[in-house]
Amino acid sequence: MRILSTATALAALAGCSAPNVNLSTAEPIKVDIAMRLDVYDHNKESAKKPPSADKPPDPEAGRRNRMADIQNFKNSRLVGEGRDGQLSIRVDTPGDPGDYLRKTVAAENEDRMALMTARTVKEKRNLADIQAEQAALWRQRSFEGELIEISNPDGTFVWIAKSGR
Amino acid sequence: MKRLAVLVAVLLVAVLGYLNQNLTAIVRWTVQRGMPKVRVEIGEVKIGVPRRLVVREFVLRDRKTGAELLRLDGGSIVFSFDDLRRRQLGEIRLVNPRLQVSPALLDTFPSGNSSGAPSWPVRRIVCDYAEVSMGGFGGSSPDISFKCSFDWRSPGDPSAPLDFTLWDLRASAPGFSSPFLSLDIVRVQATPAGIFQHGVITSVDVDGGSLLLGAALQQLLSGPPASGNPPATAWKLGRLDIQGVRARLEDTRETATDISFLLNTTLHDVSLAGAASALGGESQSVEIEDLEILSPYDPFVKVLTMRRVSLRFTLGGLLRKELAEVAINNPAIYVGQDLFWYMEDAQKRLPGGTGPGWKIGVLKVESGHLLVGSGGRAKYGVPLNFHATASDISLDNLATLKIQTAFQIPRQDYAFPDYHLAISTREGDLQFAYPPEKNVNNLVGKVFLDAIRWRQYQSSDAWLSATFDKTGINGDFGGRMYGGYMKGGFSFLFEEGAPWIGWLSGEQINLKSFTDVIAPKNFRMSGPLDFKLQMDAFGSGIERIRGAFHAAKPGRMEIGKLDDLLANLPASWSNLKRSSSRLALETLRNFDYDKADGELWFVLGQGVLGLKLQGPLGSRKFDIVLHADESGRGRWKDKP
């Protein structure tokens, strides 16, 4: 009996045409795609040669290595160029990102100070003058929107976002 | 009678003996009587053999001051009884006379024939070596010293030649230790009649010497008339011939270039004053080759070089600080910090308030070119060949210096491989004015360019304007680019390492043309694009770039690179996998958008390019992160 009823049902289905299923939509399908593409340059000399442990740290090389991080901080206005030729943290960032920021800025300032001190010896000038000169150069080379510390006519200093490049 | 004759003889011998014993005193008394205003000192006068009156140590002194007016180491007068009978002297020979000519000496001689003393002609006066010093006349009279010799035969004959040979002549102005004029040899020809009756010197020949054109000569020419000496206009020269006298322009500045030239000229029938005037008005010219002006702070840095400089002037003009014409050929101006240091230094060295400065009648500059200094060392040519003409330039104050001229720019192609830059200039003139309206220490100009190519990007119908000052070069530029218009600016700083900053913006750039250049066949967008870029660099190496772009009008993105993937989907994949992959890739490949925004930053080959597209079929967001190494360090490397 069970077999018969099943056979009857199959025969009925076989005798009918297939039903239409409408797959179109009233509105076009919207697709949002977000992709990230990481491109690595394996030919960079810096990538091939890790810094030797027995060589003294090179401030220039250190600065080049962290330049992208500094730029990222500047883009986010976390740091700015101070009047003493050093980077200054303008936003207190908590947690790991804050630790990384503070560590990177401290290393950057250490390298900058090493370079400026070397110039005082080479050019026989005092450090304050070199710092002021470097600060002016940093301000001049800052991009529009980056934070810089400038002096007011009354001798006080103020932080502004650089404008009008 | 015989006794009388013996008596007379004894008396004569006694007189002669007395005269011989007291000859010095007698001569001193005689000379003193003739020149009452001087004190006469005579060492010894004696009668020598044969027929010679010998004088030793003959000195004339000013009676009031005791100053020595004339000193004669020795001298002799040769006479014969025949000469004495004819009331004349034979030969006067002067030995090493040293004559100090001053107003006091001139006063000591009796004027005219007032003495009434009988004149005794001399057959010959000869001197092998004499030293003469003239001075103390004050005013505009120089102090002059020279050595001379002469052999004057028949001085009593008014037409007998009187030739002097002078050497080691030096003339200096009162108050100046160094002579302004030194002459090696001067030969003077005259006659007594010419000198004493007509005031004429037949000829003066000068051979060799030096003339310093400076403060001393200027003082003499501008001073009050001299006192005590005859007016120069009273004397006339039949011929004045000057050969080989090197004239030098006095300039005590350490950095000043030594300018000297030879005087060679002949003048006829001129007065002494007229000779000076004619000599002063005669056109002279000097050519200086390979002149280099160096930085006041670094002797290895040039600020200006000139292949050849031609100066045309007169001596009188030089003394008035005037140059008739200065023609400069092939100058190169090294625009850099040192040039402005030099200009400032030159400005400080200009005399202030001590009289008029130098003036140039006509200034011509031919085939000049600019070289842009970078960091004070590296030099890069700038497409400017220029010529200039200016007149009536006053150099007494650079702040008031005004030059109106034109730079001529040729049609030429220039390449700067280090910067991956090539430009083609358009022929034309660039009007140039110094000083510009706002900044006196600044040069301003605008150059039109047919084409600029930087790497694979091209612009046409462009212009470039630059200003230079001591901190660096600032410029603006603009031009057509891929259907739109771009403009930008730059600042090259005169600092160590040649840092520079630049910015570039574009409006209505045809994205299709632009992306065809960036990534032909692999990536294409359409529609107009506005963008803005900023960059920092040192020399030819770009350190940082940051920018943003925006497409306000609808367009289409096509990633042609995916065509290869679509055509080569692995055959081993199932139909379902191949179909779903094709669907996904084609969704990604083509996208119509209404809005497109993006931003980018790159630092030394690292950075992020973000692109956001919004369209009727959704959105696309791409982040391309460029890594310089495989290190995961750095917050910006964190994946979202």
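**Helix packing and the chain interface in a predicted model**

User: In this predicted model, how do the axes of helix 4 (residues 95-123) and helix 5 (residues 127-141) of chain A lie, and why is the pair called oblique?

Analyst: The two axes come within 9 Å and cross at roughly 125 degrees. The crossing is right-handed.

User: What makes the contact between helix 4 and helix 5 of chain A, by class?

Analyst: Five nonpolar, four polar and four charged residues take part. Among them are A:Met113, A:Met116 and A:Arg119 of helix 4 and A:Leu127, A:Gln131 and A:Trp138 of helix 5.

User: Why is helix 3 (residues 59-75) of chain A described as oblique to helix 4 of chain A?

Analyst: These helices pack at about 140 degrees, with axes 10 Å apart. Roughly antiparallel requires an angle over 145 degrees, so helix 3 of chain A is oblique to helix 4 of chain A. Helix 3 passes helix 4 in a left-handed crossing. Residues meeting there include A:Arg66 and A:Phe73 of helix 3, and A:Tyr100 and A:Leu115 of helix 4.

User: How do you know that A:Arg141 and B:Glu543 form a salt bridge?

Analyst: Their closest N and O atoms are 3.0 Å apart, and the criterion is within 4 Å. The count between chain B and chain A is five salt bridges, and the two chains bury about 4000 Å² between them.

Conventions. Residues numbered from 1 in each chain as written. Chains lettered and ligands numbered in written order. Predicted model: local features only at pLDDT ≥ 70, side-chain atom pairs only at ≥ 80, totals over all residues. Heavy atoms only, no water. Axes fitted to C-alpha atoms, helices over the stretch in contact; angles between N-to-C directions. Helix = DSSP H or I, 4+ residues; strand = E, 2+ residues; numbered from the N terminus. Left-handed = near helix turned anticlockwise from the far one by under 90°. Contact = heavy atoms within 4.5 Å. Nonpolar A, V, L, I, M, F, W, Y, C, P; charged D, E, K, R; others polar. Buried area = accessible area lost by both parts, 1.4 Å probe. Salt bridge = Lys/Arg side-chain N within 4 Å of Asp/Glu carboxyl O. Parallel < 35°, antiparallel > 145°, perpendicular 65-115°, else oblique.
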